[in-house]
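Here's a quick briefing to read alongside the model. Grab a viewer and follow along.

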Amino acid sequence: MKVLIVGAGFSGAVIARELVEAGYRVTVIDRRPHLAGNCHTERDVDTGVMVHVYGPHIFHTDDEEVWAYVNRFSSFQPYVNRVKTTVGGRVYSLPINLHTINQFFGTTLRPDEAREFIESQAVTGNANPRTFEEQGLRFVGPRLYKAFFHGYTKKQWGCHPSELPASILKRLPVRFNYNDNYFFHRFQGMPEQGYTALVAGILDHPNIEVRLNTSFQRAMAADYDHVFYSGPLDGYFDYSEGRLGYRTLDFERFTYDGDYQGCAVMNYGDESVPYTRITEHKHFSPWEQHRGSVCYREYSRACGPDDIPYYPIRLVDEKAMLARYVDKAKGARGVTFVGRLGTYRYLDMDVTIREALDTARGFLDARRGDQPI
Ligand code: FAD
Ligand code: UDP
């Protein structure tokens, strides 16, 4: 049985590995010149810094099997994501925690007092917040909402927060203690040699053939018994229902001789600042020696036909269009749509790997007893 896997990101790599370990031979293609998709990391020649080329990536999960899986292919260094934000000329700690609250309001509140204070600020008119704005106003009140979320979100998503679903903000906690760990998962870390080395390890098997700089064309499918496709869902169907909306990112690179900002990620909440955040990559690998510093100013904008899709927008129009594509995908024989682009969802790396493992196992279960090669 001949299997083609489109995309050498985590989705494609994990499916390829599961299949070859079950006795299959697979071909993996990617149109880019490198492995690891949007998680690609590359050593900067000038400074020796391992750069997260498509934006900052921190591995975090509660899924023990996924954590064991990635640790099988790379050693991990402990890493805790601590994000700061600059708002109105001051620096604050994120996610909103007791330090942020006390800094912002110039108070010395203890946890219970802070909880009571924030609850007194909350706009509680709406018991079941549906939009990002309603959720923000209800959970932190108008002053914190306006300072930390309103402007940033308008820049990030290019629309008013009243048009966005509450679910986007629900990703972030509010803490009434001094814990400033951005994530709340049990396992968190950074692959010691970067994400591309990790994905290369997953794909390092004699029965996996990798072809980079190779774009998928629908005609290729005729040569294979099955295709796993982690490219854009709408692209597979030649955009027949229209283009699913994405945000793309522009990164403005600059170097600095020393420590530019003292942390990996500094957000900028003010709408008047055109970028959303600055990433200083050397802080992702504090165990390494660096000859200088590389920073990326990150700008978000609507994704054009030739841009790299980053964040699926999933507003009302996209959802209707998505439903039409999902119908088409269900009717397509011999192809499985996977990953963040193939299913048009925002997926963290651990969820991507979990879904890829489950997809591969489902495929193998359905063919148990077949001759794999
Ligand atoms: P991708 O990595 O996008 O891989 C798909 C691959 O398919 C690409 O290499 C592409 O070139 C290839 N391809 C597409 N179309 C074709 C075609 N027609 N022919 C051939 N090849 C094709 N997750 C976390 O867990 N932690 C984080 O901190 C984190 N930070 C993020 C920050 C940003 C800015 C973004 C946008 C995402 C972040 N993520 C993070 C999510 C993470 O990037 C995804 O989980 C991951 O990239 C999904 O892997 P994938 O293989 O599904 O998709
Ligand atoms: N957000 C914000 N201000 C911040 C950080 C995040 O308003 O300083 C909002 C923004 O809309 C973002 C969402 O909260 O999309 C979720 O935050 P997360 O850090 O998960 O952002 P993402 O991974 O989407 O970049």
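Which residues in α1 meet which residues in α7? Phe10, Ala13, Val14, Ala16 and Arg17 in α1 meet Val199, Ile202 and Leu203 in α7, where contact means that the C-beta atoms, placed from the backbone, lie within 7 Å. By class, that contact has seven nonpolar, no polar and one charged residues; here Ala, Val, Leu, Ile, Met, Phe, Trp, Tyr, Cys and Pro count as nonpolar, Asp, Glu, Lys and Arg as charged, and the others, Gly among them, as polar.

This is a predicted model, where local features need pLDDT of at least 70 and side-chain atom pairs count only at pLDDT 80 or more, while totals for chains, interfaces and linings use all residues. Residues are numbered from 1 along each chain as its sequence is written, and chains are lettered from A and ligands numbered from 1 in the order in which they are written.

**Overall build**

- The chain's secondary structure comes to 11 helices and 17 strands; these are DSSP runs numbered from the N terminus, with helices being H or I of at least four residues and strands E of at least two.
- With 373 residues, a compact globule would have a radius of gyration near 21 Å, and the chain agrees at 22 Å (taken over C-alpha atoms; the globule rule is 2.2 Å times the number of residues to the power 0.38).
- Along its principal axes, the C-alpha trace spans about 70 × 50 × 35 Å.

**How α1 packs**

- Helix α1 (residues 10–21) packs on helix α7 (residues 195–203) at an angle of about 25°, with axes 8 Å apart; axes are lines fitted to C-alpha atoms, for helices over the stretch in contact, and angles run from 0 to 180 degrees between N-to-C directions.
- That makes α1 and α7 roughly parallel, a label for angles under 35 degrees.
- The crossing of α1 and α7 is left-handed, meaning that the near helix is turned anticlockwise from the far one by less than a right angle, with clockwise being right-handed.
- α1 also packs on α11, at about 35° with the axes 8 Å apart, and this crossing is right-handed.
- On the α1 side of the α11 contact sit Phe10, Ser11, Val14, Ile15, Glu18 and Leu19, and their partners in α11 include Met349, Ile353 and Arg361.
- The α1–α11 contact divides into nine nonpolar, three polar and two charged residues.

**Around the ligands**

- Ligand 1 is surrounded by 34 residues, the closest being Gly7, Gly9, Gly37, Gly231 and Gly339; a residue belongs here if its C-beta atom, placed from the backbone, lies within 6 Å.
- α1, α10 (339–342) and α11 (349–366) each give two or more residues to that shell.
- The ligand 1 shell has 14 nonpolar, 14 polar and six charged residues.
- Ligand 2 has 13 residues around it, with Phe149, Tyr152, Thr153, Arg171 and Asn267 the closest.
- α5 (132–157) and α6 (167–170) are the elements giving two or more residues to the ligand 2 shell, and α5 gives the most, with five.
- Seven nonpolar, five polar and one charged residues make up the ligand 2 shell.

- Most residues other than glycine have a negative phi, and most peptide bonds are trans.
- The Leu94 to Pro95 bond is cis, with omega near -15°, and Pro95 lies in the loop between β8 (90–93) and α3 (98–105).
- Asn213 has a positive phi, near 55°, and is in the loop between β10 (208–211) and β11 (226–229).

Conventions: Parallel < 35°, antiparallel > 145°, perpendicular 65-115°, else oblique. Contact = placed C-beta atoms within 7 Å.
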